[in-house]
Amino acid sequence: LDNHYTNSINSKGLIYMIRDPRDVVISYANHLNKSIDQTINIIQSINALTYSGDSNYPGILSTWEYHVSSWINLPVPKIIIKYEDLINNTENKILELIFFLEKKINFEIKNKKIVKKIIKNTSFEKMKKKEIKEGFPEASSSSNFFRSGKEKQWKKILTPAQSEVIVNGAEKIMKKFNYL
């Protein structure tokens with residue numbers, strides 16, 4: 001209905017984390033306590049909504065492809081980080097993020113040595129332990145938020161038919177980000 005969630009007037013920039021939708025389905029199914037097939041239908045539904053934490057207010061998701069497109073097409077300075085790249089090349093991705101914040105958003109990071117500390121304090125295993133000890137607002141009643149943190153799980157879990165349905169619904173963006 002031409003209602004913009006955000007725009008260049010009220011956004012200085014954006015950091016977007018993208019993940020292979022075939023892996024998203026596995027994590028999201030666990031999070032929602034739904035089957036893989038139900039979750040595939042959700043990420044391919046233009047009317048998909050989400051509820052965050054204890055909120056009774058919905059957030060619009062739409063389809064995976066539309067959600068990604070809506071953010072990457074926002075005309076503001078942005079950095080898109082592939083989840084898989086963050087796993088495999090953490091230090092370089094953190095350095096790219098710092099460069100983005102300093103050069104595009106004018107947010108100065110005074111201590112460059114902070115990178116090692118960021119990596120240590122935000123490792124998947126450390127965040128998983130912290131969630132177990134303290135909880136995490138995005139966790140669901142059926143699943144911890146920090147579940148496995150792995151990539152390419154879909155190769156062992158999804159059927160070829162399920163993978164094909166996901167690809168058919170998200171092929172353009174999947175190709176753009178080299179998931180295909």
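## Fold and interior

Read from the N terminus, the elements of the chain follow the order β-α-α-β-β-α-β-α-α-α-α-α-α, which comes to 9 helices and 4 strands, where helices (H or I, at least four residues) and strands (E, at least two) are DSSP runs numbered from the N terminus. This is a predicted model, in which local features need pLDDT of at least 70 and side-chain atom pairs count only at pLDDT 80 or more, while totals for chains, interfaces and linings use all residues. Residues are numbered from 1 along each chain as its sequence is written, and side-chain values use heavy atoms, with hydrogens and water left out.

| Property of the chain | Value |
|---|---|
| Box filled by the C-alpha atoms, along the principal axes | roughly 50 × 40 × 35 Å |
| Share of the 180 residues that count as buried | 34% |

Buried means under 20% relative accessible area, with exposed over 50% and partly exposed in between (1.4 Å probe, protein chains only). In helix α3 (residues 64–72), the buried residues are W64, E65, V68, S69 and I72. Because they cover an arc of only 125 degrees around the axis, they lie on the same side of α3, the arc being that of the directions from the helix axis to the C-beta atoms. Their cover includes β1 (14–18), α1 (21–32), α2 (36–43), β4 (78–82) and α9 (160–176).

Technical notes
Contact = heavy atoms within 4.5 Å.
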